[in-house]
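Hi,

Here's the structure I promised to pass along.

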Amino acid sequence: MAKQRKTKSSRTGMHTYKQNVRKRRKRSEDTRFDRFWFRIVEAVGWIILLGSFLMYWDSARLTAIIFKAQPVQQLTSETTGYVRLEGQAGGEAAYTDEGKLQDRYALLQKEPFRWGCGKGSCDYKLDDDGSHRLWGSSELNGVTVQAERFRFYKDWLPLNFATVEPEQLSLIYQGNSSRPLLMESPKGTAYGYYAVSPGDWVTVIGRANKGQLEAFILPGDDTKQPVLLIGKSVEQMLSEEKGVQTVYLIISCIVALMLLPKMIGRTRRITQWIKARRTR
């Protein structure tokens, strides 16, 4: 009888031992799995932090260019570096997107948008890699303002019965943004417009070279496509860039706070390792 109880107790102990082994193995596997995903999340956090810092730095460098651009009334062959021209835009109102817009403009830039979904909502998003189109050129204080592309710091062209051909009115898309679009195909491709009419007060920033106003490459622009900056005023340009910097600064702070506990723990381990090495 005692032998039976001993055998039974032995089997129970063995069973308990195997259960404990399985639990420890499972906890070990879960710990490795958690560590793996934490490292992935940490790596993504560092990428976001670095990207936000680079975008902030690029905007800060552009802010410096805008702020330091030399205000001039006219360009001479001796004028060099970044310059700022301000005044009423000249030129002929002879350019438009024929068949879609009914008004005429001295300068018109057409920006492509693509339909996309994310975070539970769908909308048209600016396609920076897509093809755009530019019509016309303007002049400011006798200086020709012309480039293959402009960086606009002004409102989008309003699309309504006053600017759009009647047969195109049904294709106007406003969405959840301040920029109106003209759809080429619903939930496919759409376009937004920037325009300058003769008489508009504008500020233009570019690089002076031999009496001409030339476009320049924006800081951090991988496409290496030269642009001229054009807006209502230099204060507006600076304000918009400051707003961009604030957004990236907030993102950087949030991500840095999320990474801070891990950074502190790693610093402590490194410090302890250094102390242990010194005491040997």
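The chain has two helices and 14 strands, with helices (H or I, at least four residues) and strands (E, at least two) taken as DSSP runs numbered from the N terminus. Bear in mind that this is a predicted model: local features need pLDDT of at least 70, side-chain atom pairs count only at pLDDT 80 or more, and totals for chains, interfaces and linings use all residues. Residues are numbered from 1 along each chain as its sequence is written, and side-chain values use heavy atoms, with hydrogens and water left out.

Of the 280 residues, 33% are buried (under 20% relative accessible area; exposed is over 50%, partly exposed in between; 1.4 Å probe, protein chains only). Of the contacts (heavy atoms within 4.5 Å) between residues at least 6 apart in sequence, 68% join residues at least 24 apart.

Gln109 sits in strand β3 (residues 107-118) and is buried, at 0% relative accessible area. A polar atom of the Gln109 side chain lies 2.9 Å from the backbone nitrogen of Phe150. Leaving out residues up to four places away in sequence, Gln109 touches residues including His132, Arg149, Phe150 and Tyr193.

On the surface, Ile40, Val44, Ile48, Val247 and Ile251 make up a nonpolar patch (residues over 30% relative accessible area with no salt bridge, nonpolar side chains joined within 5 Å; a salt bridge puts a Lys or Arg side-chain nitrogen within 4 Å of an Asp or Glu carboxyl oxygen). Helices α1 (2-68) and α2 (234-279) each give two or more residues to the patch, and α1 supplies the largest share, three. Ile40, in helix α1, is partly exposed at 35%.

Cheers

How values were computed:
A polar contact is a pair of N or O atoms within 3.5 Å; within protein, one must be able to donate a hydrogen and the other to accept it, and residues adjacent in sequence count only if both atoms are side-chain atoms. Patches are made of residues with over 30% relative accessible area and no salt bridge: like charges are joined within 9 Å, nonpolar side chains (Val, Leu, Ile, Met, Phe, Trp, Tyr) within 5 Å. Accessible areas come from the Shrake-Rupley method with a 1.4 Å probe; for residues, only the protein chains shown count as cover.
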